[in-house]
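Subject: A structure to look at, with notes

Dear colleague,

Here is the structure I promised to hand over, and my notes follow below it. Please keep the model open while you read, so that you can find each place for yourself.

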Amino acid sequence: MTVKHQVPDELLTAYVAGNLPEAFNLVVATHVSLCDEARVRLEALEAVGGSLLNDMDTAEMSHGSLEATLRLISDRPKEAIKTERVPTRKCDVLPQPLMEYVGGDLSKVKWRSIGMGAKQAILKSSSEADVRLLYIPAGSELPDHGHHGKELTLVLQGAFIDGDARFARGDLEVADENMEHTPVADIGVDCICLAATDAPLKFNKLVPRLAQPFLRI
Ligand code: ZN
């Protein structure tokens with residue numbers, strides 16, 4: 001499947017280079033597993049990255065230091081989560097990279113209520129960024145907010161509307177410091193998203209702001 005809202009080039013490049021926090025790696029890997037076109041772009045970047053690494057090997061070799069080259073390769077970040085090339089079954093809400101991460105399907109997810117019928121499950125990740133599954137009842141609005149950093153939101157089930165754009169399964173929304181929004185879950189099916197942030201959100205209303213430390217959002 002090819003989705004409408006794909007991972008931007010700069011984010012995909014950072015993913016290939018191993019420069020992203022674990023939480024963002026998981027979102028990008030899961031997105032790529034749902035989007036054939038993003039996977040083709042990823043493979044092209046990996047090929048470029050591979051040939052660059054080969055060039056670097058040559059440069060290092062000319063200085064006669066095999067050890068330095070091997071060290072260079074082994075020092076490359078290993079956090080990048082490889083995407084599964086085997087297509088997942090249509091009925092799975094959680095794509096393969098996420099199932100491996102959660103240790104099973106949706107039934108393994110430990111949801112916690114965050115009020116108004118919405119739920120979240122914070123997944124384990126390195127300290128640089130948080131990643132969580134969000135469950136938003138169909139038709140519900142998320143509190144309007146801005147961002148102190150980057151926020152990646154990937155739809156796994158249902159859809160949400162943000163301004164003029166609609167994000168459905170596989171679509172990735174990237175928000176940053178310059179963006180304020182009030183995403184609304186589309187009617188029909190409850191929306192499940194995978195969301196990662198590298199800084200707390202900026203809530204405009206008092207109640208979500210008060211709840212923020214408890215929700216770790
Ligand atoms: Zn946001």
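Strand 6 (residues 159-162) and strand 7 (residues 165-168) are joined by four bridges and run antiparallel; helices (H or I, at least four residues) and strands (E, at least two) are DSSP runs, numbered from the N terminus, and two strands pair if DSSP finds at least two bridges between them. This is a predicted model, in which local features need pLDDT of at least 70 and side-chain atom pairs count only at pLDDT 80 or more, while totals for chains, interfaces and linings use all residues. Residues are numbered from 1 along each chain as its sequence is written, and side-chain values use heavy atoms, with hydrogens and water left out.

The two strands make a hairpin with two residues between them, and G163, in the turn, has a positive phi of about 65 degrees. Across this pair, A159 stands opposite A168 of strand 7. Strand 6 also pairs with strand 9, again in the antiparallel sense, over two bridges, and here F160 stands opposite A185. Together, the three strands form an open antiparallel sheet in the order 7-6-9, in which strand 7 and strand 9 (184-185) are the edge strands, each pairing on one side only.

Which aromatic rings pair up? The structure holds two aromatic pairs, where rings of Phe, Tyr and Trp (its six-membered ring) pair if their centres lie within 6.5 Å, and planes under 30 degrees apart count as stacked, over 60 as edge-to-face and the rest as tilted. In one of them, W111 and Y135 have ring centres 5.7 Å apart and planes at 70 degrees, so the pair is edge-to-face. Because W111 lies in the loop between helix 5 (96-102) and strand 1, and Y135 in strand 3, this pair ties together parts that are 24 residues apart in sequence. W111 counts as partly exposed at 23% relative accessibility, whereas Y135, at 18%, counts as buried; buried means under 20% relative accessible area, exposed over 50%, and partly exposed in between (1.4 Å probe, protein chains only). The rings of F160 and F167 have their centres 4.9 Å apart and their planes at 15 degrees, so this pair is stacked. F160 is buried at 5% relative accessibility, and F167 is buried with a relative accessible area of 5%.

Not counting residues up to four places away in sequence, H5 touches several residues, including F167, H31 and L172, where contact means heavy atoms within 4.5 Å. The side chain of H5 also reaches the backbone oxygen of R166 at 3.2 Å, which falls under the polar contacts: a pair of N or O atoms within 3.5 Å, of which, within protein, one must be able to donate a hydrogen and the other to accept it, and residues adjacent in sequence count only if both atoms are side-chain atoms.

There is also a sheet of six strands, open and antiparallel, in the order 1-2-3-10-5-8. Its edge strands are strand 1 (112-115) and strand 8 (172-175), each of which pairs on one side only. Strand 1 is joined to strand 2 (residues 118-123) by three bridges, and R112 stands opposite Q120 in strand 2.

Helix 2 packs on this sheet, touching strand 2, strand 3 (130-136), strand 5 (151-157), strand 8 and strand 10 (191-197).

Last, please find D176, which is in the loop between strand 8 and strand 9 and counts as partly exposed at 28% relative accessibility. D176 and G149 are 27 residues apart in sequence and 5.5 Å apart in space, C-alpha to C-alpha.

Definitions and conventions
Axes fitted to C-alpha atoms, helices over the stretch in contact; angles between N-to-C directions.
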